[in-house]
Amino acid sequence: MLTKNSAVKTSFSGVDFSKYQSKASEFVKEFASRANKKGYFLNWVNLPSEQLKRVDELYSMVEKFKNQTGAKKLCVMGIGGSKHTVEHMLGINGLNVCHDVVDFYSDVDSISLARFMHRIVDVTSSNYMIASKSGSTFETKDGFLRIQQMLIDAYVAKGQSKEEAEKSAAKHLIAVTDANSEKSELRRTSIANGWLGDLFIHDDVGGRFSAFDDHALFTLIWAGLPKADMITLLNAAQEVSEQSLSEDLEINDALKEGIFWADAKLNGIEASVHQYMGSMFENTVYWHAQMQNESVKDTLKQVAKVPDAMHHSAEAHFNPANKLVFALTVPVDNGVCSENAQAYIGALTKSYEITGAFFREEVETANMGLTPAAAGAMTQLRAFATVYQEIVQCVMTGKALPEVLDSVLQPHVEFYKKNLKGGVVVPGRISK
């Protein structure tokens, strides 16, 4: 018998869920009919359970990758879901707090490259994870080729021949990409140069839904997540997958969240707010914003961290002329600041409940982040709720759902990519 996840607790106000109860079965059946089936981009639904089978392999690979160079830092080179999901997972798990274990590079301009090199100091003191499904992502390829050449040059400067330097450089690099070398240029590069290991971006798992894919798990392991916590995290995420395919609204919080956001749209409320309280969510807001923009394709939702964003957004939020709905994700605070934290949360809760429809999400904490169970559950909840929003809106308005849901596709991103092709910029070229 399914029970509600205790690591994440939600409470809702201002929405009449009884209006949707009779359709709950239809919502869930629409989702379940596509989940984990090839070509539907919902393979992330059972990805946590699949990754549980590989935990030992991934821990072993991280250890080997560290040992073959002695590097203390891992630099993640990727954009979008290859970056934001990793940053989000590190933050909520209380890892890399000093930014000294994992660094990121996802830019294409000279100043950003200079700042990145300033942080890592010696290019040979770090290892580099190159994350790209196709292996030819413009931004990622540009950074990777520069770093690869810098590594070779550094080893040549230490007295190695060009051939020796290329082999030494290869020990610092690992690819996360499509398993099929015919589809991935990066996979072909990895094989040709003898890079360590097999890390995958799994088929039918879009970047923003990939928080449990290899690039995120590998980085969590590098940053020090204990194996027992990894197992708990993945089990909690899979538990949410099971709950999120339940027709019981008392168990299916993901569907309730999807209904919440859809209800606002159906009632003509275009703007919405989801706030996260605390520094552990600093990067969660970027990942959630990506989820919003690419899946819901809506730029009107504000996703922000409080208290930072509270004072400068409150004037707009509580202006009666603005009609909004609100969500607030807060940590369960058991520490020295708990009294004031609870007062602050109470003030926001009361204010938002009076102003519009509202839901609060409370997540369990431990050490400098969430408990592993809360981290896994909250992350999978966000993915399910995003897709359910589309399903609920279509079903309630009688609009036919597409065979492949719009919320898991991103056809419009190709617009700017087409304008890159055939241009004068050559990825990885060292400009003179």
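Strand β7 (residues 271–277) and strand β8 run parallel and are joined by six bridges. Within this pairing, S272 has K301 in β8 as its bridge partner. Helix α13 (residues 284–296) packs on the sheet and touches both β7 and β8; the direction of helix α13 makes about 170 degrees with that of β8. Helix α15 (residues 338–355) also packs on the sheet, where it touches β1, β7, β8, β9 (324–331) and β10 (358–363). The direction of helix α15 makes about 160 degrees with that of β9. The model under discussion is a predicted one.

The sheet itself is open and consists of five strands with mixed pairing, in the order β1-β10-β9-β7-β8. Its edge strands are β1 (8–13) and β8 (301–306), each of which pairs on one side only. On average, and with direction ignored, neighbouring strands of the sheet are turned by 15 degrees against each other.

**Charged pairs**

Side chains of opposite charge can pair when their charged atoms come close. The structure holds 23 salt bridges, including those in the table.

| Salt bridge | Closest N to O distance |
|---|---|
| R146 and D142 | 3.0 Å |
| K305 and D308 | 3.2 Å |

K141 counts as partly exposed because its relative accessibility is 22%. E185 is likewise classed as partly exposed, at 27% relative accessibility.

R146 and D142 are four residues apart in helix α7, so about one helical turn separates them. Both of these residues are buried.

In the salt bridge of K305 with D308, K305 is buried, with a relative accessible area of 11%. D308, by contrast, counts as exposed because its relative accessibility is 53%, and the cut-off for exposed is over 50%.

**A nonpolar surface patch**

Which residues form a nonpolar patch on the surface? The patch consists of F415, Y416 and L420, which together have about 310 Å² of accessible area. L420 is placed in helix α17 (residues 414–420) and, at 30% relative accessibility, counts as partly exposed.

Key:
Residues numbered from 1 in each chain as written. Predicted model: local features only at pLDDT ≥ 70, side-chain atom pairs only at ≥ 80, totals over all residues. Heavy atoms only, no water. Salt bridge = Lys/Arg side-chain N within 4 Å of Asp/Glu carboxyl O. Buried < 20%, exposed > 50% of the residue type's maximum accessible area, 1.4 Å probe, protein only. Helix = DSSP H or I, 4+ residues; strand = E, 2+ residues; numbered from the N terminus. Patch = residues over 30% accessible without salt bridge, like charges linked within 9 Å, V, L, I, M, F, W, Y side chains within 5 Å. Areas by Shrake-Rupley, 256 points an atom, 1.4 Å probe, with all protein chains shown as cover. Pairing = 2+ DSSP bridges. Axes fitted to C-alpha atoms, helices over the stretch in contact; angles between N-to-C directions. Contact = heavy atoms within 4.5 Å.
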